[in-house]
Amino acid sequence: MSRQSPEIDIAKIDTATPVAPAAAAAMPLLRIEGVSKKFGSFRAVDRLSLDIKAGEFFALLGPSGCGKTTLLRMLAGFETPDEGRILLGGRDIAPVLPHERPVNMMFQNYALFPHLSVRDNIAFGLKRAGMARAAIDTRVGEMVALVKLEGMEKRRPDQLSGGQKQRVALARSLARRPKVLLLDEPLAALDKKLRESTQLELMELQRRLGMTFIVVTHDQEEAMTMANRIGVMDAGRLEQVATPRDLYEAPASRWVAQFVGDVNLFDGEVTSREQRHLTIATGDGGAIVVAEPSQPVTETAVSVAIRPEKVKLSRHGPASDAGSSQAINRFEGVVTDVSYLGGSTVYKLKLDSGAVVRSSMANAARLDIDVLSAGQRVVAWFAPDDCVVLER
Amino acid sequence: MSARRIFAQPARYGAIAPYLWMVLFFLVPFGFVLKISLSQTAIAQPPYLPVFDFSEGWTAIKAAFAQLSADNFRLLISDSLYISSYLRSLAVAITSTLILLLIGYPIAYGMARLPQRWQAIAMMLVIVPFWTSFLIRIYAWINILQHDGLLNKILLALHLVSSPVVWLSTDTAMYLGIVYSYLPFMILPLYATLSKMDPSLLEAAADLGSSPRQAFWLVTFPLSLPGVGAGALLCFIPIVGEFVIPDLLAGSGSMMIGQTLWLEFFTNKDWPVAAAAAVALLVLLVPPLLLYDRLQRRTLEGGR
């Protein structure tokens with residue numbers, strides 16, 4: 001009896017070596033082509049295209065209801081796309097039923113079988129693949145060691161803590177050595193400390209196994225920590241696909257700039273363009289000088305985005321030698337709010353022009369003599385290179 | 001202990017209530033029945049001897065105790081009438097429970113998978129027969145099943161049979177009546193377990209390579225076993241003691257223990273033998289009851 005599907009290479013026990021032939025480099029492991037999914041008249045996923053390479057740790061990031069989980073469920077086969085194609089290793093997987101796909105999923109609520117022990121939960125998928133008993137035992141042993149659950153094999157899910165359940169779910173979904181592992185909010189149920197250590201463990205695991213991970217999360221910090229690339233989704237579409245750094249430092253739209261991290265946005269119009277610098281007159285009265293972006297700005301109505309930690313703050317402004325540069329954007333205003341966060345302090349300012357600006361300053365020294373407090377007049381400044389010009 | 005202190009600790013003493021109920025409405029009446037089962041028939045009022053008379057003093061009560069004997073229980077064993085009605089009761093209860101499971105499980109499964117809105121309606125449909133008196137419903141079945149009843153009329157009109165079929169006073173009619181009457185008791189606990197089940201478990205099973213059929217047998221069915229046990233025992237236990245349905249729908253050939261009991265009690269006026277039969281029935285039902293209790297406890301522990 002050979003129920004074993006060819007995709008699941010059961011005989012391959014050693015973990016490290018992912019198969020990477022030359023052809024695979026050209027063709028992405030997973031290609032999503034114009035995929036849509038409608039629920040009634042609501043388009044959960046809207047003509048979305050995306051390529052994911054083998055060995056990537058990819059994160060789908062977005063607010064709840066943006067369609068990221070629907071997309072993941074289409075990859076697993078629990079939902080069928082209304083249009084478009086999903087190619088895995090160049091093969092259209094639309095006709096492949098969930099239980100025949102070389103893809104495994106780790107569920108948000110873990111979905112552990114409550115009537116089975118940890119061992120039997122992990123062995124479940126291996127038995128279905130028709131693996132030999134001895135091989136199953138070996139594999140389960142490996143998986144248990146991988147997620148550090150030695151000695152827990154006989155326990156039932158209800159005898160485990162949240163973190164242990166999460167590990168069992170992970171081991172169970174990894175046991176079949178899927179080509180792609182889908183993780184639906186894998187850490188959402190864990191507390192903050194455990195979540196942070198588990199993030200690192202997941203990254204380490206993914207690197208060691210050389211597997212392709214696609215994780216769905218609404219937590220941008222989690223996505224930025226773990227993923228090589230992030231796809232930011234909103235209303236069923238991908239707003240931007242980029243590395244964590246590019247997503248933060250070069251957001252493609254106002255929406256992405258606001259969704260990922262904290263940002264100050266100024267709406268304005270381009271008034272002059274000289275020596276790779278643009279001058280933008282903002283509605284709030286001040287003019288901001290920004291570095292000309294590599295992609296030329298075609299419209300005059302733009303927004304300027306500046307991250308709070310790039311807005312410097314002091315009572316007297318920048319030291320005179322640095323301040324001599326005319327390219328510095330310098331504003332005066334009053335501190336209205338101070339939030340001490342430990343590693344940094346966030347100041348809210350009301351500029352004389354009326355605009356509200358947030359500035360985040362690292363608390364680099366334990367004892368800061370120059371503490372700013374609410375009601376104080378200050379000078380805020382930022383460099384043209386730190387601004388991002390976005391079309392409105 | 002003062003009354004004030006008792007009322008000051010309602011939580012602790014509240015735990016007594018169910019035990020008090022048990023003692024008052026189960027243990028004390030059962031004591032009466034047990035005592036009657038150890039007595040002898042008499043043409044008297046009440047129709048058995050001895051009668052405890054507490055006004056006669058301690059020696060009279062001791063004498064009355066001496067008169068008690070297990071003769072009636074010996075009769076139950078020696079007379080094949082009782083053994084055969086016990087066995088028939090068990091056979092009918094087991095068969096009916098199996099039929100009920102085979103019919104009830106798919107219905108409960110289907111109900112649990114309906115859209116939420118429809119589940120409430122389906123639940124109503126299952127419960128609606130309870131709005132009509134049980135006896136009237138059984139009489140309605142007599143009407144349907146009798147010689148010139150609805151069923152025969154339909155069969156004749158469709159030319160499926162050439163002459164009326166004898167339905168009434170057969171085991172078929174009895175099983176029909178039992179299955180019809182007890183179906184809600186099978187469906188409801190099954191539905192309760194099946195509708196509670198997390199649908200993502202089936203997705204996980206599919207994700208790990210189970211076909212829908214495998215997923216059912218490996219996940220859904222084992223997880224529904226507490227419901228199966230509850231439904232089966234909820235039907236099995238009362239069916240063993242069932243009296244009305246076999247009396248009205250089955251033939252007079254062989255009797256279930258409930259019918260035998262009724263006969264002893266009302267026709268033969270032999271209260272002690274009837275009481276002994278009732279005690280024996282209870283003893284017979286203890287093992288399945290204990291089983292039910294253990295199953296329940298295990299699910300409770302599993303839920304922790």
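Reader: What makes up the secondary structure of chain B?
Author: Chain B has 15 helices and two strands. Helices (H or I, at least four residues) and strands (E, at least two) are DSSP runs, numbered from the N terminus. Do keep in mind that this is a predicted model, where local features need pLDDT of at least 70, side-chain atom pairs count only at pLDDT 80 or more, and totals for chains, interfaces and linings use all residues. Residues are numbered from 1 along each chain as its sequence is written, while chains are lettered from A and ligands numbered from 1 in the order in which they are written.

Reader: Why is Leu170(A) called buried?
Author: A residue is buried if 20 or more other C-beta atoms, placed from the backbone, lie within 10 Å of its own, exposed if 12 or fewer, and partly exposed in between. Leu170(A) has 24 C-beta neighbours inside 10 Å, so Leu170(A) counts as buried. You will find Leu170(A) in helix α5 (residues 162–174) of chain A.

Reader: Which residues is Leu170(A) in contact with, leaving aside its neighbours within four places in sequence?
Author: They are Met106(A) and Val147(A). Contact means that the C-beta atoms of two residues, placed from the backbone, lie within 7 Å.

Reader: How many of the residues in chain B are buried?
Author: Buried residues are 29% of the 304 in chain B.
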